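Here is a short briefing for a reader new to this structure. Please look over the sequence and the model before reading on.

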Amino acid sequence: MLALMIFVLPVALKAQPSPDWTTPFPPFHIAGNLYYVGTADLASYLVVTPKGLILINSNLASSPPLIRKGVEALGFKWSDIKILLISHAHYDHCAGSATILKETGAKYEVMDADVSVVESGGRTDFQYGSDATMHFAPAHVDRVLHDADTVSLGGVVLTAHLTAGHTRGTTTWTVDEREGGRLLHVVIVGSPNVNPGYKLVGNAVYPRITADYKHEFAVLNSLPCDIFLGAHGGYFDLKEKYAKFKNGDRDAFIDPGGYKAYVADRSQAFETELARQSGR
Ligand SMILES: [Zn+2]
């Protein structure tokens, strides 16, 4: 048993790609100006404005054709993407950026602390910098974002909340949408997860990691949320909610309780891992 664990452990230290990352998913209207154009797990969002489109998350290097198919199936033009944003600088959310920027001429707007990671193709990532399997095509950042900066286009305003820890510049996006006469607060969680192998105690490369995660949970707890979304469909039960949505439940993605429960669960997971690493 012990021998088996020794062989299994090095593999388990890395986040494993899931088949759902590349499984196509029907694009659909979430609320107001906001649409889903990702796969069964890698979430991409399209924000539609009279002045063009904003895309959040370019996903894997292989993802842009799939995202494009979704955008066009919804009746929008790929070349109308004016701004590209990301949840955080890991290859499953930003490896497709170089292609999308080239094809659309969009401006790439990235949180300050993730800029060097996207511009180096992952080589300055605090955890995976020397792991070539986590690298991706470098992409130039046109606008460096800072905590609480807004991204505006055609009257739509998104706010970038620095929720670091998972990467140094992990960004949680918020936007208010009107749907059916209601104002709905949308939260797109950047990632609250402590990956296998992350060092929370005595991390010489990223000394602030624990303080950053604590700040992230304080921010996530402070955000008003009606529509709960995130960088992975798994965060917010995309498949289950979409099934309800397809069956006529237009409020399937309105889930303030689910958001609170998710943040509490991830916060507890972080505290448990911190206690384990602290020897408590
Ligand atoms: Zn990640």
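H88 has a relative accessibility of 1%, and because buried means under 20%, H88 counts as buried. The same cut-off applies to H166, which is buried at 5% relative accessibility. Both residues belong to a zinc site in this predicted model.

**Zinc site**
- The zinc ion is coordinated by H88 through NE2, H90 through ND1 and H166 through NE2, at 2.1 to 2.2 Å.
- Along the sequence, the spacing of these donor residues is H-x1-H-x75-H.
- H88 and H166 link distant parts of the chain, 78 residues apart.
- H88 sits in the loop between β5 (81–85) and α3 (91–94), and H166 in the loop between β9 (156–162) and β10 (171–179).

**Nonpolar core**
- Nonpolar side chains tend to be buried together in soluble globular proteins.
- Here the largest nonpolar core has 89 residues, and Y45, Y108, L229 and F253 have the most contacts inside it.
- Leaving out residues up to four places away in sequence, F253 touches F28, D226, I227, F228, L229, F236, L238, K241, Y242 and F245.

**Cavities**
- Two cavities of 30 Å³ or more are found in the structure.
- The largest cavity has a volume of about 50 Å³.
- Its lining is formed by A89, H90, Y91, G122, D125, Y128, M134 and F136.

**Confidence**
- The chain has a mean pLDDT of 94, with 94% of its residues at 70 or more.
- Residues 1–13 have pLDDT below 50, and this stretch has four contacts in the model beyond near neighbours in sequence.
- Where pLDDT is low, the predicted coordinates should not be read in detail.

Definitions and conventions: Residues numbered from 1 in each chain as written. Predicted model: local features only at pLDDT ≥ 70, side-chain atom pairs only at ≥ 80, totals over all residues. Heavy atoms only, no water. Donors = N, O, S within 2.8 Å, 3.2 Å for Na, K, Ca; no water. Helix = DSSP H or I, 4+ residues; strand = E, 2+ residues; numbered from the N terminus. Buried < 20%, exposed > 50% of the residue type's maximum accessible area, 1.4 Å probe, protein only. pLDDT = per-residue confidence, 0-100. Contact = heavy atoms within 4.5 Å. Core = buried A, V, L, I, M, F, W, Y, C linked by side-chain atoms within 4.5 Å. 1 Å grid on protein atoms, 1.4 Å probe; cavity = no way out; pocket = protein on both sides within 12 Å on 5 of 7 lines; lining within 4 Å. Points joined across faces, edges and corners; volume = space filled by probe spheres on them.
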